[in-house]
Amino acid sequence: TTTRTTTTRTTTTRTTTKRASLFCLRKFVSFEEGARKREESSSRASFSGRMAALVQDEDVDANRNNTTTTTTTNTTFSKKKNKKEDAEKKKGPTPAPKHTRKYGTPMTGYQLEHGAKLMAEDSPFASLNLKEAMKSGAAKGVRCRQHVNPLSQKFSAPSRTPDWAAIFKEPVKPMTIDVGCGGGRFPLAMAQRFRERNFLGVDVREALVERGEKWGEFAEVSENVAFAAGNCTVSLKPWLDDYNENNRDEKRRGKVELVCVQFPDPHFKRKHWKRRVVQKQMVDALASGLEEGARVFLQSDVKEVAEDMRDKFEKFGNGKFVVDESLHGNEEVIFEADAPDISDWEGEEHEGFVPTWYEKGWLKENPLGIPTEREVQTTNEGQPCFRVMLVRT
């Protein structure tokens, strides 16, 4: 009986303690809520007082100087109007970046819009009807790396030489090679306009090459345009040697009359300059593989890259290339090029060479009459292109 009484008392004590704790907790919460409400009420009263005082001061100022009030109102209205205009501007595409931007940055709204414009009816490539090709499933969009390391093991060796008789219906036609053809719209449009010539587009990205072939079939120009995957820096020499070998009169192929290197990957970092497509190896290949009178067209939207390509042909061409005077000799179609910094050419590796072709300037317009995709975007942005035409002597 004593044990049961003790247990009952202990239980009663615990229950009382819990009730007291809950009571204290409720009191504390009520106190906190009351304090918070009083603080909010005080803040509202204080704010109302400050606003009333501010309104009173503004009324006094208005009575003192009506002109000042009018000016303030106009300024406020002007600010609101400017904010509204800024908001409307932000709804449009992202403003076009300058041509000095680095390649490989995420696509902006403007660049996405540019991709759609290439398929539009007013595009230089509208006659190819590539938009319909994509809708019909004849060709699909491709995803590939924008930057490819041409020095990787995959591209370090020459690619397989094309079967010239298989890729062209009439190999006797003169041929144009587009180095780094990218999307392939340039050789396709050229093949459509100049049916009497053959065109070969070359790019290291196989996905673009395969799509270019499908586009050519859809546009009905596959008879005089073809695409090949390979690194032109190492592949051009064996390809041209094969093209010219056993080129007898009875089975003579048309000569390579033009090689284009347009808007190549700039590889901005100095340590990556060796990845640029125009190297001594390519200049040697064209010097030995092109016949007299053949031309080389170079252009870029990056001035330093255009200068680098031009200077390498002058330095490593062994006098077999000159600037085309028929174009650069007319001052109305060129703009001045910057003179080189002599200190950049003082190293022993340059062997006393100093560029001189800069004196011939840059061509204002594309003499071929058909732009590339990159050229369309650059001109739409209002940025310059740096062009030079060379002739094999």
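The following legends describe several close-up views of a predicted model.

Residues are numbered from 1 along each chain as its sequence is written. Because this is a predicted model, local features need pLDDT of at least 70 and side-chain atom pairs count only at pLDDT 80 or more, whereas totals for chains, interfaces and linings use all residues, and side-chain values use heavy atoms, with hydrogens and water left out.

**View 1. Overview of the protein.** The protein has 12 helices and 9 strands, which are DSSP runs numbered from the N terminus (helices: H or I, at least four residues; strands: E, at least two). Of its 393 residues, 37% are buried, where buried means under 20% relative accessible area, exposed over 50%, and partly exposed in between (1.4 Å probe, protein chains only). Among the contacts with a separation of 6 or more, 79% are accounted for by residues 24 or more positions apart, a contact being heavy atoms within 4.5 Å. The protein exposes about 24000 Å², with carbon and sulfur atoms supplying 50% of it; accessible areas come from the Shrake-Rupley method with a 1.4 Å probe, and for residues only the protein chains shown count as cover.

View 2. Valine 202 belongs to strand β2, which comprises residues 198–203, and its relative accessible area of 1% makes it buried. Leaving aside residues up to four places away in sequence, valine 202 touches Ile177, Asp178, Val179, Gly180, Cys181, Ala228, Gly230, Cys232 and Trp239. One of these, glycine 230, is 28 residues away along the chain, and its C-alpha atom is separated from that of valine 202 by 6.5 Å.

**View 3. Helix α6.** Helix α6 (residues 185–193) is largely enclosed by the rest of the structure, because 7 of its 9 residues are buried. The buried residues in α6 are Arg185, Phe186, Pro187, Leu188, Ala189, Met190 and Ala191.

View 4. Glu206, Glu210, Glu213 and Glu217 form a negative surface patch. Patches are made of residues with over 30% relative accessible area and no salt bridge, like charges being joined within 9 Å and nonpolar side chains (Val, Leu, Ile, Met, Phe, Trp, Tyr) within 5 Å. Lys and Arg count as positive and Asp and Glu as negative, while His and the chain ends are not counted; the place of a charge is taken as NZ of Lys, CZ of Arg, CG of Asp or CD of Glu. Glutamate 213, one of the patch members, lies in helix α7 (residues 206–218) and is partly exposed at 38% relative accessibility.

**View 5. Two loop residues with positive phi.** Most residues other than glycine have a negative phi. Glutamate 220, in the loop between α7 and β3 (225–229), has a positive phi near 60 degrees and is exposed, with a relative accessible area of 66%. Asparagine 318, in the loop between α10 (303–316) and β6 (321–323), has a positive phi of about 55 degrees and counts as exposed at 66% relative accessibility.

**View 6. Salt bridge between glutamate 223 and lysine 169.** The structure holds 16 salt bridges, each defined as a side-chain nitrogen of Lys or Arg within 4 Å of a carboxyl oxygen of Asp or Glu. In one of them the side chains of glutamate 223 and lysine 169 meet at 3.6 Å, N to O. This pair links distant parts of the chain, 54 residues apart, with glutamate 223 in the loop between α7 and β3 and lysine 169 in the loop between α5 (164–167) and β1 (175–179). Glutamate 223 is partly exposed at 49% relative accessibility, whereas lysine 169 is exposed at 58%.

**View 7. Salt bridge between arginine 374 and aspartate 301.** Arginine 374 forms a salt bridge with aspartate 301, their closest N and O atoms being 3.0 Å apart. The two residues link distant parts of the chain, 73 residues apart, with arginine 374 in helix α12 (residues 373–380) and aspartate 301 in the loop between β5 (295–300) and α10. Arginine 374 is buried, with a relative accessible area of 18%, and aspartate 301 is buried at 1% relative accessibility. Elsewhere, salt bridges that share partners join Glu196, Arg197 and Glu257 into one network.

**View 8. Histidine 267 in its loop.** Histidine 267 is found in the loop between β4 (256–262) and α9 (280–289) and is buried, with a relative accessible area of 10%. Not counting residues up to four places away in sequence, histidine 267 touches Val148, Pro150, His272, Trp273, Arg275 and Arg276.
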